[in-house]
Amino acid sequence: MNLKSERRGIHVDQSELLCKKGCGYYGNPAWQGFCSKCWREEYHKARQKQIQEDWELAERLQREEEEAYASSQSTQGAQSLTFSKFEEKKTNEKTRKVTTVKKFFTASSRTGAKKVAQEKIIKQGQLGRERNADNILRDLKEIFTPSWELASPTEAEIQEAKAPSPSINRQVSIETDRVSKEFIEFLKTYHKPGQDIYKQCKLFLDTMNHKKDLSIEEQSECAQDFYQNVAEKLQTRWKVSPEKVEKAMDQIEKFIMTRQYKYVFCPETTDDEKKDLAVQKRIRALHWVTPQMLCVPVNEEIPEVSDMVVKAITDIIEMDSKRVPRDKLACITKCSKHIFNAIKITKNEPASADDFLPTLIYIVLKGNPPRLQSNIQYITRFCNPSRLMTGEDGYYFTNLCCAVAFIEKLDAQSLNLSQEDFDRYMSGQTSPKKQESDSWSPDIKDHCSE
């Protein structure tokens, strides 16, 4: 998204928040400006194209290999030369394909053959983990499965249930227990669809436990596919109303992600932690930035406004303590609403979008939320996509992404400072002097756009 800077002001055209494909939904920098739906379409098209090209390459290489073998029957020297050229061409072709795909999409994409090979390699090492995961799921079933659960236990399961097993208290947190009970009680109101939803969720969790070797992008893809499939079944097969579908999807996300959180939030296989530290360091270096530099229309000398600012900072910091993507989104939304209230009280009129973004940037700079990039990435990867594409949650989340992007690129021109002053402030040699004229006044907006 292209952030525009005016003299002493920050402005983002609202059209820039939307999907660049023009579908009307909100875009996201993590999806290269597409909305979730369009991104997945582009991702799958690129994936299919790669598979087709790999298949064609394999066929061509096979033909060339056969031709090389046939020609090698003439002389041993010719065979050696042809084979050398063939190997070189094969390596170049493979390298070119990998480079092309990486440039098109950052998310990793594995072919079926590669997955089969990797599954064979890790099969023995995973056996113990898989059995342990099965035991945990069976124990959970004993505790949480309602009377209306369709599947009946097998004789083997009955015998295994009688055997000693690790304490559930050591395997599942108190929060997970509570969420499970709430989920089951919620599904009872859906009757027959509730039974099927419960079975689908248990099957998905079991599948994900067996796929921890996948990249985080592929795990995200699995989760997004699951959301989409369940939502479609609720609407088409089970004829559930749109309102109940939305409620069900929220509960499904909560049930699933409470369990998956420790595996998929800031995983070691990504550079999320590195990005967190970089953003945190960047925000600390910008501690000297004042509300006036950002043209923030908020007067913290008004007690009620100051209280709103504190609440907004608290909300954005609290986001890191939540485990469910929707709960993290709720923190962003609460923060944003406090910002709008602070602006409204200060200006005595409703806040505009041009007022909101600079103030959100100021709140992020002042609060320096922990693991900011990890939280954004987690929401992007595992939140129910409909919440990011539309509504106030999607709008506020997109603005937070813009705010972080602005902070990462903030320079002297963004703040209407000379390069010399900017460098001195960044190095800590000096800090901006507070003057009475810096305090908020009704004409600050006019001053910002000069």
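In which loop is the place of P297?

**View 1. P297 has its place in the loop between α11 (291-294) and α12.** The model is predicted: local features need pLDDT of at least 70, side-chain atom pairs count only at pLDDT 80 or more, and totals for chains, interfaces and linings use all residues. Residues are numbered from 1 along each chain as its sequence is written, and side-chain values use heavy atoms, with hydrogens and water left out. The helix names come from DSSP runs numbered from the N terminus (helices are H or I, at least four residues; strands are E, at least two). P297 has a relative accessible area of 4% and is therefore buried. The terms for accessibility are set by cut-offs: buried means under 20% relative accessible area, exposed over 50%, and partly exposed in between (1.4 Å probe, protein chains only). K347 is 50 residues from P297 in sequence, and the two are 7.3 Å apart in space, C-alpha to C-alpha.

**View 2. The whole chain has 19 helices and two strands.** The chain has 450 residues, of which 44% count as buried. Contact here means heavy atoms within 4.5 Å. Among the contacts in the chain with a separation of 6 or more, 75% are between residues 24 or more positions apart.

**View 3. Y261, F265, Y378 and F382 are linked into a cluster by ring pairs.** The whole structure holds 14 aromatic pairs. Rings of Phe, Tyr and Trp (its six-membered ring) pair if their centres lie within 6.5 Å; planes under 30 degrees apart count as stacked, over 60 as edge-to-face and the rest as tilted. What kind of pair do Y261 and Y378 make? Their ring centres are 5.5 Å apart and their planes stand at 90°, so the pair is edge-to-face. Y261 belongs to helix α9 (residues 242-264) and Y378 to helix α15 (residues 372-382), so this pair ties together parts that are 117 residues apart in sequence. Y261 counts as buried because its relative accessibility is 13%, and Y378 counts as buried because its value is 0%. F265 and Y378 also form an aromatic pair that is edge-to-face, with 5.4 Å from centre to centre and 75° between the planes. F265 lies in the loop between α9 and α10 (272-285), so its pair with Y378 in helix α15 ties together parts that are 113 residues apart in sequence. At 7% relative accessibility, F265 counts as buried.

**View 4. Two lysines, K212 and K244, lie over the faces of tyrosine rings.** A charge sits over a ring if NZ of Lys or CZ of Arg is within 6 Å of the ring centre and within 35 degrees of the ring normal. K212 is placed over Y263, 4.2 Å from the ring centre. K244 is placed over Y190, 4.4 Å from the ring centre.

**View 5. Helix α12 (residues 303-318) packs with helix α14 (residues 353-367).** The angle is about 70° and the axes are 9 Å apart. Axes are lines fitted to C-alpha atoms, for helices over the stretch in contact, and angles run from 0 to 180 degrees between N-to-C directions. The two helices are therefore roughly perpendicular to each other. Angles under 35 degrees count as roughly parallel, over 145 as roughly antiparallel, 65 to 115 as roughly perpendicular and the rest as oblique. In this contact, V309, A312, I313, I316 and I317 of α12 meet I363, K366 and G367 of α14.

**View 6. Helix α14 also crosses helix α17 (residues 391-409).** The axes come within 9 Å and cross at roughly 60°, which makes α14 oblique to α17. Residues of α14 in this contact include F356, L360 and V364, and those of α17 include Y395, N399 and F406.

**View 7. F397 is found in helix α17.** At 1% relative accessibility, F397 counts as buried. Not counting residues up to four places away in sequence, F397 touches N28, L329, I332, I376, I379, T380 and L388. The C-alpha atoms of F397 and I332 are separated by 6.8 Å, although the two are 65 residues apart along the chain.

**View 8. K239 is found in the loop between α8 (216-237) and α9.** K239 is not a glycine, yet it has a positive phi of about 55°. At 65% relative accessibility, K239 counts as exposed. C266, in the loop between α9 and α10, is another residue other than glycine with a positive phi, near 50°.
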